[in-house]
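Please keep the sequence and the model in view while reading.

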Amino acid sequence: MNTESRKVSESIVETVHIVRPNHLNAVGRLFGGILMQWIDEVAALTAKRHAHKNVTTASVDNLRFLKGAYQNDVIIIKGKLTYVGRTSMEVEADTYIEDLEGKRTLINQAFFTMVALDENDRPVPVKGLILETEEERTAWEQAALRRQLRNRKK
């Protein structure tokens, strides 16, 4: 592993989308596939910011649709690193609806395992992660448990 480490805050990504008619499914809600594309992009950008490398999605855990989104809703997707291994990183991607007053309601949460790649698309070591807050340390511990569960399923 490289000796240099980076803070969680250095790689946070936040995107904003407006739900348009072409994003809706047959019952008038945001199509889950569109949201999955958006959150995968946020996870990849978050991991790229940390690794300073190209990345690929290795897995998605706990993709939970908690609430629907509808036409003209403002969607905020926030990605942040929760764990770093040798070549892989876990990114938490939280999706919110933001109302006119700026209040955010969580509608989706997912955990992505992203792998850093070299110029030949082979896994490459990534920088360590500096945990500055109790929340970041708790997220790391929870991510480590998810990693153990994933490894058991292999």
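In this predicted model, tyrosine 83 is a buried residue, its relative accessible area being 13%. Tryptophan 140, by contrast, is partly exposed, with a relative accessible area of 24%. By the ring-centre rule applied here, the count comes to 1 aromatic pair. That pair is formed by tyrosine 83 and tryptophan 140, whose rings are tilted, with 4.3 Å from centre to centre and 40 degrees between the planes. Because tyrosine 83 belongs to strand E4 and tryptophan 140 to helix H2 (residues 134–153), the pair ties together parts that are 57 residues apart in sequence.

The charged end of arginine 146 is placed over the ring of phenylalanine 111, at 3.6 Å from its centre. Arginine 104 lies over the face of tyrosine 96, and here the value is 6.0 Å from the ring centre.

**The sheet**

In what order do the strands of the open sheet run? The sheet has 5 strands in the order E2-E4-E5-E6-E3, and the pairing is antiparallel. Its edge strands are E2 and E3, each of which pairs on one side only. On average, and with direction ignored, neighbouring strands of this sheet are turned by 25 degrees against each other.

| Strand pair | Bridges | A residue pair |
|---|---|---|
| E2 and E4, antiparallel | 6 bridges | valine 16 and isoleucine 76 |
| E5 and E6, antiparallel | 11 bridges | serine 88 and valine 115 |
| E3 and E6, antiparallel | 9 bridges | valine 55 and alanine 116 |

A further residue of E6, phenylalanine 112, stands opposite valine 60. Strand E6 (residues 104–117) has 11 of its 14 residues buried, and therefore it is largely enclosed by the rest of the structure. E5 and E6 form a hairpin with 5 residues between them, and in the turn glycine 102 has a positive phi of about 90 degrees.

**The helices**

Helix H1 has 20 residues and reaches 28 Å from its first C-alpha to its last, which is close to the 28 Å expected at 1.5 Å a residue. Its buried residues are Ile34, Leu35, Trp38, Ile39, Val42, Ala43, Ala44, Thr46, Ala47, His50 and Ala51. H1 lies across E2, E3, E4, E5 and E6, and runs at about 45 degrees to E4. H2 lies across E3, E4, E5 and E6, and runs at about 75 degrees to E4. H2 is also the helix that holds tryptophan 140, the partner of tyrosine 83 in strand E4.

Where in the chain is histidine 52 found? Histidine 52 lies in the loop between helix H1 (32–51) and strand E3 (54–65), and just after H1 it takes a positive phi of about 55 degrees, although histidine 52 is a residue other than glycine. Is histidine 52 buried or exposed? Its relative accessible area is 54%, and because values over 50% count as exposed, histidine 52 is placed in the exposed class.

Asparagine 72 likewise has a positive phi, about 75 degrees, although it is not a glycine. Asparagine 72 lies in the loop between E3 and strand E4 (74–84), and at 52% relative accessibility it counts as exposed.

Terms used: Residues numbered from 1 in each chain as written. Predicted model: local features only at pLDDT ≥ 70, side-chain atom pairs only at ≥ 80, totals over all residues. Heavy atoms only, no water. Helix = DSSP H or I, 4+ residues; strand = E, 2+ residues; numbered from the N terminus. Buried < 20%, exposed > 50% of the residue type's maximum accessible area, 1.4 Å probe, protein only. Phe/Tyr/Trp six-rings, centres within 6.5 Å; stacked < 30°, edge-to-face > 60°. Lys NZ or Arg CZ within 6 Å of the ring centre and 35° of its normal. Pairing = 2+ DSSP bridges. Expected span 1.5 Å × (residues − 1). Axes fitted to C-alpha atoms, helices over the stretch in contact; angles between N-to-C directions. Contact = heavy atoms within 4.5 Å.
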